[in-house]
Amino acid sequence: MTESAEERAAATVGVAQYRLGDAQLVRGEGIRSWDASGREYLDCVSGTFNLILGHHHPEVMAAVRAQTEELVFASSSFRTESTDRLMRDLVALAPPGLTRVNLRSSGGSTANEGAIRIAQHHTGRRDVIVPFRGHVGQTIAAAAYNGSSRMRAPFHMPPLGAVHVPDAYCFRCFYRQTPDSCGMLCVSRIEDFITYASSGSVACVLIEPISGMGGNIVPPPGYFPALRALCDEHGIVLIFDEIQTAFGRTGQMFAADLFGVVPHMMTVSKGLTGSGLPLAAILTEERMADWDRSLHGFTYGGHNLAAAAAVKTLEIVRRPGFLENVRRTGAILTERLGALRREHPMLGDVRGPGLMLGLELVRPDGGKAPELAHAFQRALHARGVLTRVSEHGLGNVIELRPPLILTPAEAHLIADRFGEALAVVAAEAVGRTTHAPRVGTARPDRAG
Ligand SMILES: Cc1ncc(COP(=O)(O)O)c(C=O)c1O
């Protein structure tokens, strides 16, 4: 039987990334979007964590429209007003010492590859240290560095000198320590990995300050100063992948500001253009500028429309009150979700600064509960709330990253929906598991 055009279209739709059946998005505004049937969604993942100013921010859209009247595209042989201005603004905003901008990638994966190349060129060395669960990207090279075998298993990856080291996942510490007495083994043991697991030629550490796809893993105080010291001692370039964390997501402009540590290099993308145009940047120290720029560049890097959107976005995130709003609405969500955690033992942890939150679902014995996280996510989707689960963390953490323009009323609305959805999942779990309502504050054993 031959397939009709409708059947073929339906089959294509089946690969939709949020698995929302045949929902076709037609409009977006602020934290909301609508599908063709008129159904409304609360976008609690900011598109793909990139719409920090929400859908269709009017000022960003106006800047893009104005740019379309002047110059849509320029070859990278030329400067343009938007790209010049953007590079100046990025340097002014970035942590001190990051004075050079490479604007020649249009996405995060290739920006990270560019950062690795710059580090390799600068040091003359090869290997890249990436923490477990780290996300570097989706190209073949970037995926070979990802800190989870899930992304590598289906493909034949060339050996690219990736050295994977345990991450600072205090909730499930690799070294079975507790934060108050751990001695920061997740940094000091990297020495052993350099000595025994690397090729002996380590160029850089590439790390997300908060592991996003890995499960919203927030390193403890002291981790980044120790990591920076270790890198300095070994002449290793410390690269912060701030692709999810930059431009206010954590309540500070950069996660580097939050942790009080300046890396040697930084990659940014996603939030850079506010409402969804593709662009990425690599920021480096001055000493790393001495390389042939033709070694890393893509046709659509530094795209003029995206650069115009980025200039406007940086203007908006610098306005008084912008970061304060992230901290305020983040605190509302943290407080309300914390109350849910006290009520429901299956919600093992609620963590993250600002509007970068993760909710870890646990089994009665404390083990990871991806099945509960997926049930929770389905219940949220049924209520029109869009979330994702931690892909590199094996899906046991719900990722909550609403646009940074969230209002307090919207934060409460989201918390209400999370409460309703969790109550449904908890009711379903009764009888199937031994999860009982939480009494007191004791946590279950967090094995595995
Ligand atoms: C932390 C991080 N790094 C890199 C990437 C890759 O970015 P892109 O999908 O734009 O290539 C992503 C994308 O999700 C990310 O979250």
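## Secondary structure and overall dimensions

Helices (H or I, at least four residues) and strands (E, at least two) are taken here as DSSP runs, numbered from the N terminus. On that basis, the protein, a predicted model, contains 14 helices and 15 strands.

The C-alpha trace extends over about 65 × 60 × 55 Å along the principal axes. The radius of gyration of the protein is 22 Å, which agrees with the value near 22 Å for a compact globule because the chain has 448 residues.

## Domain organisation

Two domains are assigned: domain 1 is made up of residues 5-56 + 321-429, and domain 2 covers residues 58-317. Their centres, computed over C-alpha atoms, lie 25 Å apart.

## Extent of the interface

The size of an interface is often expressed as the accessible area lost when the parts come together. Between domain 1 and domain 2, about 3200 Å² is buried, and carbon and sulfur atoms contribute 57% of this area. In terms of residues, 40 from domain 1 are in contact with 39 from domain 2.

## Polar and charged interactions

The interface of domain 1 and domain 2 holds 20 residue pairs in polar contact, both residues being at pLDDT 80 or more. On the side of domain 1 that touches domain 2, at least two residues each are supplied by helix 2 (46-49), helix 12 (322-343), strand 11 (347-351), strand 12 (357-361) and strand 15 (397-400). Classified by residue type, this side of domain 1 has 16 nonpolar, 16 polar and 8 charged residues.

The rule also finds 2 salt bridges across the interface of the two domains. A salt bridge joins the side chains of Glu391 and Arg150, with an N to O distance of 3.9 Å.

Methods. Residues numbered from 1 in each chain as written. Predicted model: local features only at pLDDT ≥ 70, side-chain atom pairs only at ≥ 80, totals over all residues. Heavy atoms only, no water. Domains from an automatic or database assignment. Contact = heavy atoms within 4.5 Å. Buried area = accessible area lost by both parts, 1.4 Å probe. Salt bridge = Lys/Arg side-chain N within 4 Å of Asp/Glu carboxyl O. Polar contact = N/O pair within 3.5 Å; in protein donor to acceptor, adjacent residues only side chain to side chain. Nonpolar A, V, L, I, M, F, W, Y, C, P; charged D, E, K, R; others polar. Rg over C-alpha atoms; globule rule 2.2 N^0.38 Å.
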